[in-house]
2 protein chains.
Amino acid sequence: MRVTIADIARLAGVSKATVSRVLNGRPDVDQATQARIQEIMAETGYVPSARAVGLASGRTRTIGVLAPSLRTPWMPELLQGVADGLEPTGYGLLLHAAAGDGPALERFAASVRGHAVDGVLAVEPGGAVDQLRELHRGGLPVLVVETGGRPSGLPAVGADLADGGARAAELLLAAGRLRIAMITGPATDPAGNTCAEGFTDRLTGTGAVLRSSHVTESDGSEQGGYDAVQRLLRARLFFDGLFVHGDAMAAGALRALHEAGRQVPGEVAVVGLGDVAPAAYTQPPLTTVRVPWAELGAAAARDLVNRLDGGAGDGGPVLLATSLVVRGTTPPVGRIPGQRSRRARTAELPVV
Amino acid sequence: MRVTIADIARLAGVSKATVSRVLNGRPDVDQATQARIQEIMAETGYVPSARAVGLASGRTRTIGVLAPSLRTPWMPELLQGVADGLEPTGYGLLLHAAAGDGPALERFAASVRGHAVDGVLAVEPGGAVDQLRELHRGGLPVLVVETGGRPSGLPAVGADLADGGARAAELLLAAGRLRIAMITGPATDPAGNTCAEGFTDRLTGTGAVLRSSHVTESDGSEQGGYDAVQRLLRARLFFDGLFVHGDAMAAGALRALHEAGRQVPGEVAVVGLGDVAPAAYTQPPLTTVRVPWAELGAAAARDLVNRLDGGAGDGGPVLLATSLVVRGTTPPVGRIPGQRSRRARTAELPVV
DNA sequence: CTGAAAGCGCTTACAG
DNA sequence: CTGAAAGCGCTTACAG
């Protein structure tokens, strides 16, 4: 039924080896022969069997992507970047969207050991990192997308979150804020941790203070951010600057501040992290540390494919730049290094 | 290097055929022999080669998922459902996240024709539906997730959006709204179309009117919803009920109504569609037609795997129920059939 | 309950 | 520039 390489060979009056050469674009084939073979392949609608190519060549031209959850706000954007980065290479994307532990992880590891994929792209693998190290030691190409978690020691691409945190601190300092509060996110979304390091480092010795009493943990959700601000307010803690490790939480924080009658940015300046969907549409629009999620995914895809195709990898870990998107939850200030305004500030935004 | 079935056979003193039988859980193997073989496989860490199994068995135990874009608000939720539904079956998920046309689609079709996957799950395929029909005619198992687009004639699962629309209409009627406006979404997210049919059908003969002048099209984004309401208001059109074909647009619509000083739900009652992330956190929280995205994905995955494993498919198209989630953008009314309150209404919500 | 052999559809040295 | 042959690592009748 199915057209095979043998059919093409017979029709063209050549051997399977020659057809295979044409298929793989080898240069050492007679022009006329090549043209004839290609014509026959087109006429018959021949498509090589991925399964046979896989077995014979030892490669599937597919990479496995390990993503803890598609529900993390920035994950779809990052995955779309991976898909877009992969598309032109012809590599397929085998998606494993499940938490990095338990039987699901075992299943993933087995499929990887069964050579269903040529390499693995792991997004913030968390608990799966030990498995990945073992697979990597076993010779499997692995690339980790680090969004702020502990460096794994594996080949990685990430974003310069520490710098993003420093920029956030500079913006609050430029706005004259001296009593800072911070809402941290869940362990599964560790971008905030690294960002916080750059943030606190930059604050050191400036007169602005971030007390541990003013740091509260939340779960990444809008409601979580709302609750976190309520905790701060109920504890009667004073703060005029707030750094929130996630835009969804920041949206909730803004809601709580609004309900409490606290003016933003007049009384409290707020900076988020991520620049995901809700950021541009909060009231006021959220100033936030932008992470280039899609670019991160695309860079990771290209880097991994590069390694698979024999490239040595581009040396050390790749670190993409973050940037500060200044919208309406921080007061308009003079130019701040790295500031980037994505939206005209509207007249009704309060000015300090 | 790699442990193969031949190694296991030699170590166990049996033939490859017997090892294969154990591998595939065939019952006709001696208990002791089976135990010995399994022990040896465990000791050696044997994992069957997915590539060899694929070639020999003619199946890859992988399904291809065609998703136009991961940036559609409900897509991550739906995809997570697919992944979760697939997990226990052991099937892999080859993700193709690109618009249904152009060279990317060609690449997808080629990979499908190359038998890289056993079947295809297509989410709202749009322009790719002709390709899918052809593949289906060629014998490929195909399942379409229909979110409101034209029925493709292919095996499908969908949500009962017409019923959801009818519920939305009933809610507005119960609230006494007679001048209705509607904001429709982009062609790539056609859920609203079907929903609108049920909506207008239910309105017919009730005294409530939805004029074509009061229907405006938007792009699915928050800003698009905002702009759409501004268009309606600038045209000086009166409306006391508003049905928006997407929660993100509804969030923008609420923002525009707020800026214009229109009270919600007092002056305008608003119903959204989707029940995606922004819905619960708008001000007031959005009343919306809930679509069970994750369940939709999981049902599709199970149905397709069922077909692949020899099940005949469950008869006609599967249609999951939608429901109305009543929050704060519609006035509290007595029990409405099918109403479902997901959140305690807070005291400060305006009451008509 | 088990084995020998053919076959899945390619790729890859090797030889010419 | 091209072909014959072996091999990738399994599964599947067929025979016993």
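Let me start with the surface near DNA strand C, which by class has 13 nonpolar, 8 polar and 5 charged residues; here Ala, Val, Leu, Ile, Met, Phe, Trp, Tyr, Cys and Pro count as nonpolar, Asp, Glu, Lys and Arg as charged, and the others, Gly among them, as polar. What we are looking at is a predicted model, in which local features need pLDDT of at least 70, side-chain atom pairs count only at pLDDT 80 or more, and totals for chains, interfaces and linings use all residues. Residues are numbered from 1 along each chain as its sequence is written, while chains are lettered from A and ligands numbered from 1 in the order in which they are written.

Two or more residues each are given by helix 2 (16–23) and helix 4 (50–57) of chain A, together with helix 2 (16–23) and helix 4 (50–57) of chain B, and the largest share, 5 residues, comes from helix 4 of chain A; helices are DSSP runs of H or I with at least four residues, numbered from the N terminus.

Now to the two copies. Chain A can be laid on chain B by a turn of 180° and a shift of 0.0 Å along the axis, with an RMSD of 0.0 Å, superposed by least squares on the C-alpha atoms of residues with pLDDT of at least 70 in both. The copies are thus related as by a two-fold rotation axis, and the C-alpha of chain A nearest that axis belongs to L94(A), 2.2 Å from it.
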